[in-house]
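Please prepare a briefing on the protein model shown below, with the points grouped by topic and each term given with its cut-offs.

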Amino acid sequence: MALPRSTTPAVGTGLVVFQPLKRKRCAECGAGPLSLLTLEGGGPRCLDCADLGHLVYLPRGDTALTRRSREGSALSAVVVRFNRRKSRYERQGVLVEEAALALAEQRCLADAEARARRRARDAVRRAARDERFAAAFAEEILRLFPRCPPERAGRIAAHASVRGSGRVGRSAAGQALTPRAVTAAVIAAVRHTETEYDALLMRGIPRGEARRRIARGVEETLRAWGRGTS
Ligand SMILES: [Zn+2]
């Protein structure tokens with residue numbers, strides 16, 4: 001004396017399955033207490049008696065997976081639980097066909113892999129852009145300091161162009177390759193490699209004092225590299 005399926009309450013387009021707040025038994029086969037049930041003619045039915053026993057539960061949270069699983073299922077149901085405080089049913093997840101869930105998982109995984117491939121392509125493009133930028137930077141260094149060894153210019157440019165480092169090369173002025181920004185990058189490099197600046201800092205000399213002590217050395221290197229002679 002099973003009631004017709006059409007008496008199962010429907011919300012929207014699908015069947016509704018309840019997570020009961022109280023211990024309930026199936027009115028047809030006596031199974032229970034039930035963790036999930038349908039209501040047919042006002043009486044609780046276990047999923048097996050409601051012919052929904054073959055479906056698998058997918059908790060809410062992954063929108064794409066849920067949508068694809070439901071689309072692929074000939075039969076599916078929305079699982080709800082009553083929230084007493086808010087006096088309303090809240091959606092907990094869905095019941096879908098196992099094969100549909102497996103297929104949906106595959107497709108979502110394929111999407112994730114496609115996204116990963118796109119990220120990799122973006123990284124390659126970014127690296128190429130950084131490389132072009134560093135090359136232009138080095139060219140500008142050599143224009144301003146024609147006797148700077150090209151290899152040094154290349155290293156200074158690469159160092160100043162390091163993505164996300166906050167170094168001068170990544171700043172707006174550095175991006176624009178203004179003489180001021182390029183010169184600042186060169187001076188910073190000369191300080192660390194052509195003078196005893198780092199050693200002074202290591203000995204605890206305050207930065208301002210250390211810069212004063214090496215100022216002449218920096219100026220000599222810049223002159224040697226041909227500043228202002230081009
Ligand atoms: Zn039953």
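**Strand pairing and overall features**

Arg81 stands opposite Glu90 in E7, within an antiparallel pair in which seven bridges join strand E6 (residues 77–83) to strand E7 (residues 88–97); strands count as paired if DSSP finds at least two bridges between them. This is a predicted model, in which local features need pLDDT of at least 70 and side-chain atom pairs count only at pLDDT 80 or more, while totals for chains, interfaces and linings use all residues. Residues are numbered from 1 along each chain as its sequence is written.

**Confidence**

- The mean pLDDT (the predictor's confidence in each residue, from 0 to 100) of the protein chain is 87, and 87% of its residues reach 70 or more.
- Over residues 1–10 the pLDDT stays under 50, and for this stretch the model has 13 contacts beyond four places in sequence, a contact being two residues whose C-beta atoms, placed from the backbone, lie within 7 Å.

**Architecture**

- The protein chain has seven helices and seven strands, which are DSSP runs numbered from the N terminus (helices H or I, at least four residues; strands E, at least two).
- Read from the N terminus, the order of elements in the protein chain is β-β-β-β-β-α-β-β-α-α-α-α-α-α.
- Among contacts in the protein chain with a separation of 6 or more, 46% are accounted for by residues 24 or more positions apart.
- The hairpin formed by E6 and E7 has four residues between the strands, and Ser87 in the turn has a positive phi of about 55°.

**Burial and nonpolar cores**

- Of the 230 residues of the protein chain, 27% count as buried; a residue is buried if 20 or more other C-beta atoms, placed from the backbone, lie within 10 Å of its own, exposed if 12 or fewer, and partly exposed in between.
- The largest nonpolar core has 22 residues, and those with the most contacts inside it are Val17, Leu52, Ala77, Val79, Val94, Leu95 and Val96; such a core is a set of buried Ala, Val, Leu, Ile, Met, Phe, Trp, Tyr and Cys residues joined through C-beta atoms within 7 Å.
- Strand E2 (14–19), strand E5 (55–59), E6, E7 and helix H2 (98–144) each supply at least two residues of this core.
- A second, separate core of 19 residues includes Phe133, Ile156, Ala157 and Ala160.

**A position in helix H2**

- Glu131, which is found in helix H2, counts as exposed because it has 12 C-beta neighbours inside 10 Å.
- Glu131 and Val162 lie 9.7 Å apart in space, C-alpha to C-alpha, and are 31 residues apart in sequence.
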